[in-house]
Amino acid sequence: MRNLIFAIALMGLSVGLQAADPTKQINAEISSKWETSKVSPAEPCSDQTFVRRIYLDLAGRVPTAEEAKAFLAIEDSNRRQQLVDRLLQSEDYAQHFADLFDAILMGRKDEHVYDQRVRHGWRSYLETVFRENRPWDEVTREILLARPEDPNKDGSVWFLYERKDNYQAIAEAVAPAFFGMRIECAQCHDHMMATEIEQAHYWGLVAFFNRGKNSQTDNGPRISESAIGGFSDFANLEGSSSPNLLTFFDSRTISEARPEAGSKQEDSDTLYVSADVNGDPREPLFSRRAKFVNQVLDGHPMVPRAMVNRIWAILMGRGIVHPHDEIDSMHDPSHPRLLDWLADDFATHQFDIRRLVRSIVLSDAYQLSSIKSSESVSPDVFAWYIERPLTAEQLARSIQLVMRGGFDNNADVVKALRQQILDVLPDAIEITVADALYFSNNEKLNAFIEQSTSPNHLVWQAAQLAQPNQQAELLIKTIYGRPAEASEIDAIVDYLNQRSDRRQLGISQVAWSLLTSAEFRFNH
């Protein structure tokens with residue numbers, strides 16, 4: 001399998017030599033699929049649509065009215081590229097991508113878990129990764145080895161530490177997070193459909209981590225590792241048992257002497273060396289984690305493919321392989337040559353995340369309108385911008401921004417929405433009954449809107465305007481980022497006139513209806 005992937009990668013490399021610019025390569029591959037599929041793509045999106053879209057995708061929030069106005073006033077044919085480059089260097093980008101990868105790598109949890117992630121440096125570690133555009137292969141190595149060489153990387157330990165020595169949970173998290181594949185069903189048997197995923201891969205991945213143990217040290221949380229133990233067998237559905245050897249998908253088996261049956265291993269200081277960092281746990285001479293990082297993870301072809309496919313899914317609404325974390329023989333890539341080319345380009349350019357993101361958002365496909373040319377066209381040809389609901393953090397920041405002119409990443413509205421909107425990359429778009437009820441009746445959200453009445457808040461500013469039509473225009477322009485249509489103004493004016501004796505409350509209610517509408521809650 002690995003040889004096959006490398007062969008495909010080489011094919012991609014030959015294509016790459018013809019068009020080294022990744023954006024040009026994306027355009028060529030996507031348009032070629034349109035042609036062979038006889039698909040007409042949507043029209044390019046307007047600048048007004050683009051500025052909202054790119055702020056949401058790169059900055060994690062809608063633009064302010066001033067930011068949108070400044071972009072639209074630029075008379076330069078490269079203004080979209082200039083905005084992309086500026087946003088990729090912004091602190092908003094670091095915060096937004098830290099949000100995304102926190103949820104993708106760790107999952108949504110109760111708020112006290114988020115507090116722990118912050119307290120123990122995981123959150124700041126992720127922010128630094130994206131702020132400094134650190135190479136993804138180095139980041140994966142740090143997270144899975146979990147032996148930070150300096151205090152600025154202490155948070156890298158938390159990926160393993162939060163899973164509390166649950167080695168199966170660790171294995172089931174490592175495979176999709178860094179290899180883009182799900183292996184849960186291989187716990188009991190070889191994968192029924194994707195037969196290349198074997199039961200030995202599941203238990204081999206468990207074995208690489210099953211000598212680790214959460215430890216509290218003077219340097220903070222660490223994962224100590226034993227030099228002995230961790231030998232066991234696994235049984236298949238027929239009842240046959242096999243040793244859980246140190247192996248994983250598309251990798252050679254790491255050799256390790258197993259103790260004789262019935263014998264007991266003796267632990268000894270001679271089996272360890274001191275850690276490079278004073279105060280950290282000693283390290284076994286034969287470290288299974290180090291073997292995994294050095295002999296399985298490094299150079300594994302699935303690592304760049306998984307990251308490319310995930311970034312593509314974040315920005316394009318679905319992966320080249322969909323779902324994005326099921327890259328296996330059951331899920332064919334929509335554009336296999338493009339995926340291979342981008343993965344090779346990503347690895348060749350030092351796993352540069354910012355370069356990858358930039359290449360995708362400057363492509364023609366990313367900048368299409370979200371209005372489909374035909375309902376019968378499959379979304380995997382990327383012939384229109386696939387609408388997607390805002391993540392909890394995108395929505396919370398945007399609500400604060402339009403209502404109060406600024407935002408706080410730790411505000412209660414962020415925490416509340418994080419507990420309500422769990423997915424950041426859903427396989428399918430579904431608005432659940434729970435979501436509908438939340439946006440209809442949630443007391444905290446309603447209170448946030450009704451209490452946005454200070455002089456720098458939208459409701460107060462609208463209330464100072466003399467005429468209801470002026471109030472309607474301000475609300476639509478601020479919340480939707482576009483001019484109001486005549487029918488919208490008429491509807492809002494009629495509503496406000498019925499509440500002329502309680503105008504500010506009426507304005508709050510209109511703001512609520514706009515904030516909870518599909519136009520605001522979706523990126524389109």
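Select asparagine 133 to begin: this residue follows helix α8 and has a positive phi, near 50 degrees, although it is not a glycine. It lies in the loop between α8 and α9; helices here are DSSP runs (H or I, at least four residues) and strands likewise (E, at least two), numbered from the N terminus. Asparagine 133 is buried, with a relative accessible area of 17%. Buried denotes under 20% relative accessible area, exposed over 50%, and partly exposed in between (1.4 Å probe, protein chains only).

The model is predicted, so that local features need pLDDT of at least 70 and side-chain atom pairs count only at pLDDT 80 or more, while totals for chains, interfaces and linings use all residues. Residues are numbered from 1 along each chain as its sequence is written, and side-chain values use heavy atoms, with hydrogens and water left out.

**Helix α8**

Select residues 122–131 next. Seven of the ten residues of α8 are buried, so the helix is largely enclosed by the rest of the structure. The buried residues are Trp122, Arg123, Tyr125, Leu126, Glu127, Val129 and Phe130. Their cover includes α6 (91–106), α7 (111–119), α9 (136–145), α10 (158–161), α16 and α17 (392–404).

Move to aspartate 165, in the loop between α10 and α11. Aspartate 165 also is not a glycine, yet has a positive phi of about 60 degrees. At 27% relative accessibility, aspartate 165 counts as partly exposed.

**Aromatic rings**

Display the side chains of Phe, Tyr and Trp. The structure holds 21 aromatic pairs, a pair being two such rings (for Trp, the six-membered one) with centres within 6.5 Å; planes under 30 degrees apart are stacked, over 60 edge-to-face, and the rest tilted. The rings of phenylalanine 179 and phenylalanine 248 form an edge-to-face pair, because their centres are 4.9 Å apart and their planes stand at 65 degrees. This pair links distant parts of the chain, 69 residues apart: phenylalanine 179 belongs to helix α11 (residues 167–179), and phenylalanine 248 to the loop between β4 (241–243) and β5 (272–273). Both residues are buried.

Now select Tyr93, Phe97, Phe101, Phe130, Trp136, Phe159 and Phe178, which ring pairs link into a cluster. Within this selection, centre on phenylalanine 159: arginine 163 lies over its face, at 4.2 Å from the ring centre. The criterion for such a charge is NZ of Lys or CZ of Arg within 6 Å of the ring centre and within 35 degrees of the ring normal. At tyrosine 272, the charged end of arginine 282 sits over the ring, 3.6 Å from its centre.

**The nonpolar cores**

Which residues have the most contacts inside the largest nonpolar core? They are Trp136, Phe159 and Ile311, in a core of 112 residues. A nonpolar core is a set of buried Ala, Val, Leu, Ile, Met, Phe, Trp, Tyr and Cys residues joined through side-chain atoms within 4.5 Å. Helix α14 (residues 302–316) gives the most to this core, with ten residues. Apart from this core lies another, of 39 residues, among them Leu56, Ala411, Leu458 and Leu515.

Within helix α14, select methionine 307, which is buried at a relative accessible area of 0%. Not counting residues up to four places away in sequence, methionine 307 touches Phe101, Trp136, Phe346, Ile353 and Leu356; contact means heavy atoms within 4.5 Å. The C-alpha atoms of methionine 307 and alanine 177 are separated by 8.6 Å, although the two residues are 130 residues apart along the chain.

**A cis peptide bond**

Proceed to the loop between α14 and α15 (336–348), where proline 323 is found. The peptide bond from histidine 322 to proline 323 is cis, with omega near -5 degrees.

**Glutamine 367**

Select glutamine 367, in the loop between α16 (353–361) and β7 (388–389). Is this residue buried or exposed? Glutamine 367 is buried, with a relative accessible area of 13%. Leaving aside neighbours within four places in sequence, its contacts are Pro44, Cys45, Phe50, Arg53, Arg80, Val361 and Leu362.

**A helix pair**

Finish with helix α23 (residues 486–497) and helix α24 (residues 503–515), which pack at an angle of about 145 degrees with their axes 9 Å apart. Axes are lines fitted to C-alpha atoms, for helices over the stretch in contact, and angles run from 0 to 180 degrees between N-to-C directions. To view the contact, select Ile492, Tyr495, Leu496 and Asn497 of α23 with Arg503, Gly506, Ile507, Gln509 and Val510 of α24.
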